[in-house]
Each structure stands twice: as C-alpha cells, then as structure tokens.
Amino acid sequence: MFAAVEWHILWQRLFHPDHVFVLALWRTIYISVFAQILGVVLGLIAALMRMSKLHPLRILSGLYVLVFRGTPVILQIYFVYFGVNLLFGVALIPNSVNFGLFVMNGAAFAGILALGINEGAYMREIIRAGIDSVDRGQLEAARSLGMHYRLAMRRIVLPQATRFIVPPLGNEFNNMMKTSSLVFFIGVTELFGDAEIRYSTTFRPVEYFGAVAFWYLVLTSVWSLIQVQIERRLAVSERSDDEPLLERLSHLWSPMAAWGRR
Amino acid sequence: MSSNGKVMHAQDVMKRFGRLEVLKGVSLDVAQGEVVCIIGPSGSGKTTFIRCINHLEKIDAGRIEVNGHLIGYRDEDGKLVEDTERNIARQRAEIGMVFQRFNLFPHKTALENVIEAPTHVRGTPKEEAILEGKALLDRVGLADKFDTYPGKLSGGQQQRVAIARALAMNPTLMLFDEPTSALDPEVIGEVLDVMRTLALEMGTTMIVVTHEMGFAREVGNRVVMMDDGRIIEEGSPEHFFTNPTEERTKRFLSKIL
C-alpha cells in the first residue's frame, strides 16, 4: 500500500531540506511571531478601551471585535492586501519593507497586518478575562497608596493578569503558526506554500504534504516546550521561594518534566 | 495640618448603592493624634464610611475633609464636582489604609510591597526607600522576611506588612478596615500590638473599624457606634463599657463582649 511513496523524497524533505525550504520555514516563523505580537498589542489596547469610562472608546472596541471575529480570516487577508491601498488612496501596504536586517515583501507585510488585527480581536477577550481574574482588592490597595489608575494598572494589575493571560496566549500562538499558512493565498511562499509549489510540479502529495506536516509539528512542539517553561517561570513567585536556584533551573530545563505536566 | 487640629472632618455624609441607603448623614471629627474606633453590626455602614474617607467610594451628599482639604471633590461656587484622577490620587497618598483581607501585592516580596508606593508615587530614590522600608518592616517585627512573598507569610505577618506598606507613605491619617477579622485568633494579638505601638508611641491619628473592644478600651480615645447608616452613640471607651445609653448599643455589646 506504500508502494507509490518515493521514500527518498520524504527523507530528503525531513532531514536535508534545501535553502528554499529553510527560507519558507523562516517566513512562517517571522510572520507568526510578528502577527502575534501585533495581536497582543492591539488586544491590550482594545481591552483597555473596553474598560474605559469613555463611551465611544467602548463602542469602538466592541465594533473591532464584532467585525474581526465575525468574518473569515482569509477574507481579511485578501481585503488588507488587495483593498487597503485602494480604500485609503495611499500606499499603506508597500511593495516591500526594509527592516535593515532583511527585506520583507509587501504581501508578507499585509499578511502580518491582517493576521495581527484578526488576532487582536481574540486577544482582547483573553486579556480582559485576565484582568478580571485579578482580585479587585489589588486595584483598591494600589489606589489607596496614591497610585493613579494607569500606574496601578501597569505596576500592579497587568503583571498579575499576565499569569492568567499566558496559557491561552500560548494556545493562540500555536494556532497562529498554523493559520499563517493562509498567507500563501496572497503569494507568500511560507511552509505550506513551499509544499504546495513542489506538489504542483511533481504531483507527489504524500511526500511533500507529509513532510511539511512534520515540520509544522516540530514548530508547534518546540513552542509547547517553550510555553511550559514560560509558565513555570511565571509561577515561581507562588512556589516556595526557598527552593534553591539550581533546583529551579533544573526544573526549567528538564523537557521530560515539561511533557509530564501536559 | 489644619489650624484647628482636626485631621478628619466629615459632615452629613450620605451614600447609596442603587436604592439602598448605606449612609444616612454621618458626621464625625477626628483630632490630631486621636484614635477613633468605629463599632456596629454588619451592614451598619461603618466600612463604607471609612472607604469614603479616601474616596474609594464616591459620596452622594455631604463633605469629607482631611487636613482641611476636601476629599474627592472640588468646590466650584458651592457646588461639589468630582476631582481629577491625579488630584484624588495625590490626596490618597496622604491617607494610609489597611484592609480586612490585607491586599498585599502577591507578585512582590514583602520589601517590594513596602517600597512600591514611595518609589513610584513619591519618586523616592530606590536605595533610600529600601532603607526606610527595611526599618519599617523591622518595626513591625518582620526583619527576617524582607525577601519573602506574601503567599509564604501567615495572615498576621501579611497584615503587618500591609501596615508597614501604608506607613511607608508617611500618612497623616491611618484607616483600618476590620484589620483583624480575617485573622486566626492566635495571630490577632501580634497585629493589635503593632497598632498599639503606632497609636501610643508614635501618636498616629487612626480611624479603626473593629470589634476588638479590648483594643478600643486600651488604645481608643473615642468609640463610635454605627447602626443603619447613622452614628447612634459616641463616647469614651469607658462609657461604652460601663453605661451605654442606647438600647441598640447595649444589645450589640452584649453579643460581642
């Protein structure tokens, strides 16, 4: 039943990827990372707007979530890439963006923008839930010490909310790495795009799609290990503080312990 | 300090939550160095009242002044307008508050809790704040707990850190909202000891919502009995122990003594 599989192609894609593939992998990583960062920033802004005393800000925040959770991501990606420049009459989405270290093409930039804006709508809910999980008494204590609202938020509430935000944020990033494959449809050759192009010239779906599935698994697995370690680090202040540093470090770097917790 | 020596002046303070009237006109003056204990059944409005003093609750009518300054509001041609966030924050910095449930910052060590407001509100240099913070923690008997997180401290220790944290801002008035009622009986004493030292040795002006009548008798200059949103009786601790006049007060005291 596996007779038709060209094992050497699969083997080569898994263990000896060429530089075109490495570039595609790199694109998937940076698109996901930048889009997620943008999502967190937008989500935080939207969450704070949602809690604002000013009515228009609350409405704006609500509209943002309504629109971007209520329409397909692929539609948003197409709209940003093909529509934004025409809509505003200026080149908001340039042909390429020079970051000094590397040059990003306009499509990748548009993809990051669209994925990030979409992600922000989901992050708003996560961040708001995180802030809500912090005991009300914390804000009161901070205020009773003379902190104004923004200082109390920044120094007292948000750092505590982080503990509630990080686990779902990790899951969001896991999703993001997979969803980022959609930017192939505006011409960005990332992991999925690379596989698709190889497939369309060779008609060998099992080898190319199988291999790229493996690489997505590598990405998401590595990320889940990193995630566990971040969560552990955040929990340090709650755990015994007389636990020696060495022991804490060994916890941090033991992958087996990390898996055991899942 | 205001010229007449009054640290806190409250006049006809009214407060409602929705349709529920919690404070129905409360007036109280507290002089420099005085310790006033507020007693009363739950729901009598005593906690709400002291939360109004640092504007954690808005008031619906009346006025509250601390050191001669109106709290939470600006007087614009006889009309009270709520003050700006920054001005209210500045006023709160002068008023220390200790909560029933401590409300320590769990992500910061004992010392970090104490130096947080001096460094970030007052702009005190960190080294200086650390020295003062350590001295304060030493004074409340926690010299060995500087680097301990609140989660690792007992209730009594947490409340003592909370007192040190409030004192770090050099407040002219300290508010205590049932500081011992969330504590195990055996650690109540250590918190009351700290409060006693504050009152007797340092002359701190304090308003204490409490049911600790022993503390009220020994340290308090005055006891105020609240019921149903009003002050119904006021007098020296001795007065309350020997011949309270109101029937409601007698019934209440017979339950808690």
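## Exercises on a two-chain predicted model

Read along its sequence, chain A runs α-α-α-α-β-β-α-α-α-α-α-α-α, where helices (H or I, at least four residues) and strands (E, at least two) are DSSP runs numbered from the N terminus. This is a predicted model, so local features need pLDDT of at least 70, side-chain atom pairs count only at pLDDT 80 or more, and totals for chains, interfaces and linings use all residues. Residues are numbered from 1 along each chain as its sequence is written, chains are lettered from A and ligands numbered from 1 in the order in which they are written, and side-chain values use heavy atoms, with hydrogens and water left out.

**Exercise 1. Work out the make-up of chain A.**

Step one: count the elements, which gives 11 helices and two strands.
Step two: look at burial (buried is under 20% relative accessible area, exposed over 50%, partly exposed in between; 1.4 Å probe, protein chains only). Of the 262 residues in chain A, 40% are buried.
Step three: take the contacts (heavy atoms within 4.5 Å). In chain A, 72% of those between residues at least 6 apart in sequence join residues at least 24 apart.
Chain A has about 14100 Å² of it, with 69% belonging to carbon and sulfur atoms.

**Exercise 2. Do the same for chain B, and test its radius of gyration against the globule rule.**

Step one: chain B has nine helices and 12 strands.
Step two: the radius is taken over C-alpha atoms, and the rule is 2.2 Å times the number of residues to the power 0.38. For 257 residues, a compact globule would come out near 18 Å; chain B has 18 Å, so the two agree.
Step three: along the principal axes, the C-alpha atoms of chain B fill a box of roughly 50 × 50 × 35 Å.
Step four: 55% of the 257 residues in chain B count as buried.

**Exercise 3. Describe two loop residues of chain B that have positive phi.**

Step one: Asn103(B) has phi near 55°, positive although the residue is not glycine. Asn103(B) sits in the loop between strand S8 (95–98) and helix H3 (110–122), and its 8% relative accessibility makes it buried.
Step two: Glu178(B), also not a glycine, has a positive phi near 45°. Its loop lies between strand S9 (173–177) and helix H6 (185–202). With a relative accessible area of 15%, Glu178(B) is buried.

Note on methods:
Areas by Shrake-Rupley, 256 points an atom, 1.4 Å probe, with all protein chains shown as cover.
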